[in-house]
Amino acid sequence: MDTKVLSSGIRYSNLPESYVRPESERPRLSEVSQCDNVPVIDLGCDDRSHIVQQVALACINYGFFQVINHGVSKEAVERMLQVAHDFFGLPVEEKMKLYSDDPSKTMRLSTSFNVKKEKVHNWRDYLRLHCYPLHKYVPEWPSNPPSFKQIVSDYCVQVRELGYRLQELISESLGLEKDYIKKVLGEQGQHMAVNYYPPCPEPELTYGLPGHTDPNALTILLQDLQVAGLQVLKDGKWLAVNPQPNAFVINIGDQLQALSNGTYKSVWHRAIVNTDKPRMSVASFLCPYDHALISPAKPLTQHGCGAVYRDFTYAEYYSKFWGRNLDQEHCLELFKN
Ligand code: OGA
Ligand code: NI
């Protein structure tokens, strides 16, 4: 291949060898369940206890849900998707100025997942940004398209607000004080992955992202309305998360699994690709403060088998996570008591 990224404007007629999964690891798209979808929760509903109850059920049964009437303006969402699209439409020479395969960089364009560690690559390019505090990170963000910084900043502020609201609902749904999660996570980091999945000549042989769990606390995903691709594992079966207008997809990350003592699961999910259309998604990750001590909440360890996980700092967890390949065993397994 002539460039490191896939979004070079070249349309591949065959899947390059380095993207082909061994037979036993392929997506088997015909087996994906079509008769279920993750719950859609209306955050505009007046009955808060009803919302809390729906959050609890969704987190227990799926680890995933979608939210509507979430308070992020339609305009901010539309502008975010447009500028993401415009960014990946830039000439490849322009984009390559931002390329890096070093996961410790706070701003980079990259491809696949962890190019230097993985055996088989994934059919994805992504722009990864740190987003909090904005004044620290915005200066290093792309200045092309010229409106990028402004649009993405506005979007990040609104998504963060939504994240806090969700953490309150999740705390309450676990029977904890409303501000429990927020207190434990401290001054939360916020990262963004703008994912671009180009049309793929052989979607049955590869992934956009293979099955993985998110290492952070909470993920707020904006997915392309036109092109589906996200799937979650439920009861041993992959389930497509069909895009819903004006919705975000929310999922519990590894840190909330630990904090909830395993009551809520950081569920395996993956992104598949298709032959016809590029797909985009914008993932916002809320992460604990580096030195936050992640520990199963006391009230949740008093019945049954006590604390399932040992205490750890987020910094310790994160370095373990990036030292592995994405589709290995659940990283939390390494922190079990
Ligand atoms: C991720 C992720 C899914 C998607 O970025 O962690 O799971 O649909 N993305 O792009
Ligand atoms: Ni993910």
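**Figure 1. N246, a partly exposed residue in a predicted model.** N246 has a relative accessible area of 48%, so it counts as partly exposed. The structure shown is a predicted model. N246 sits in the loop between β9 (237-240) and β10. Its backbone stands out for a residue other than glycine: phi of N246 is positive, near 55°.

Figure 2. S112 is not a glycine, yet its phi is about 60°. The residue belongs to the loop between β3 (107-111) and β4. Is S112 buried or exposed? With a relative accessible area of 1%, S112 is buried; the cut-off for buried is under 20%.

Figure 3. Y132 and P133 are joined by a cis peptide bond with omega of about -10°. P133 lies in the loop between β4 (125-130) and α4 (134-137). A cis bond also runs from N144 to P145. Here omega is near 0°. P145 is placed in the loop between α4 and α5.

**Figure 4. The nickel ion (ligand 2) and its donors.** Which residues coordinate the nickel ion (ligand 2)? They are H212 through NE2, D214 through OD and H269 through NE2. The distances run from 2.1 to 2.2 Å. Along the chain, the donors of the nickel ion (ligand 2) follow the spacing H-x1-D-x54-H. H212 is buried, and D214 is buried too.

**Figure 5. The tilted pair F87 and F148.** The whole structure holds 12 aromatic pairs. In one of them, the ring centres of F87 and F148 are 6.2 Å apart.

**Figure 6. Y155 and F248, a tilted pair between a helix and a strand.** The rings of Y155 and F248 form a tilted aromatic pair. The centres lie 6.4 Å apart, with 50° between the planes. Y155 is in helix α5 and F248 in strand β10 (residues 248-252), so the pair ties together parts 93 residues apart in sequence. Y155 has 0% relative accessibility and counts as buried. F248 counts as buried as well, at 1% relative accessibility.

**Figure 7. V40 and its contacts.** V40 is in strand β1 (residues 40-42). Its relative accessible area is 30%, so V40 is partly exposed. Which residues does V40 touch, leaving out those up to four places away in sequence? They are Q54, Q66, I68 and Q244. The C-alpha atoms of V40 and F248 are separated by 9.4 Å. Along the chain, V40 and F248 are 208 residues apart.

**Figure 8. Charged side chains over aromatic faces.** K182 lies over the face of Y164. The distance to the ring centre of Y164 is 4.2 Å. R270 lies over the face of W238. Here the distance to the ring centre is 4.3 Å.

**Figure 9. The protein chain that holds these sites.** The protein chain has eight helices and 14 strands. Its radius of gyration is 19 Å, close to the 20 Å that the globule rule gives for 337 residues, so the chain is as compact as a globular protein of that length. The C-alpha trace spans about 55 × 45 × 40 Å along its principal axes. Of the 337 residues, 55% count as buried. Among contacts between residues at least 6 apart in sequence, 76% join residues at least 24 apart. The protein chain exposes about 14700 Å². Carbon and sulfur atoms supply 50% of that area.

Key. Residues numbered from 1 in each chain as written. Chains lettered and ligands numbered in written order. Predicted model: local features only at pLDDT ≥ 70, side-chain atom pairs only at ≥ 80, totals over all residues. Heavy atoms only, no water. Phe/Tyr/Trp six-rings, centres within 6.5 Å; stacked < 30°, edge-to-face > 60°. Helix = DSSP H or I, 4+ residues; strand = E, 2+ residues; numbered from the N terminus. Buried < 20%, exposed > 50% of the residue type's maximum accessible area, 1.4 Å probe, protein only. Lys NZ or Arg CZ within 6 Å of the ring centre and 35° of its normal. Rg over C-alpha atoms; globule rule 2.2 N^0.38 Å. Contact = heavy atoms within 4.5 Å. Areas by Shrake-Rupley, 256 points an atom, 1.4 Å probe, with all protein chains shown as cover. Donors = N, O, S within 2.8 Å, 3.2 Å for Na, K, Ca; no water.
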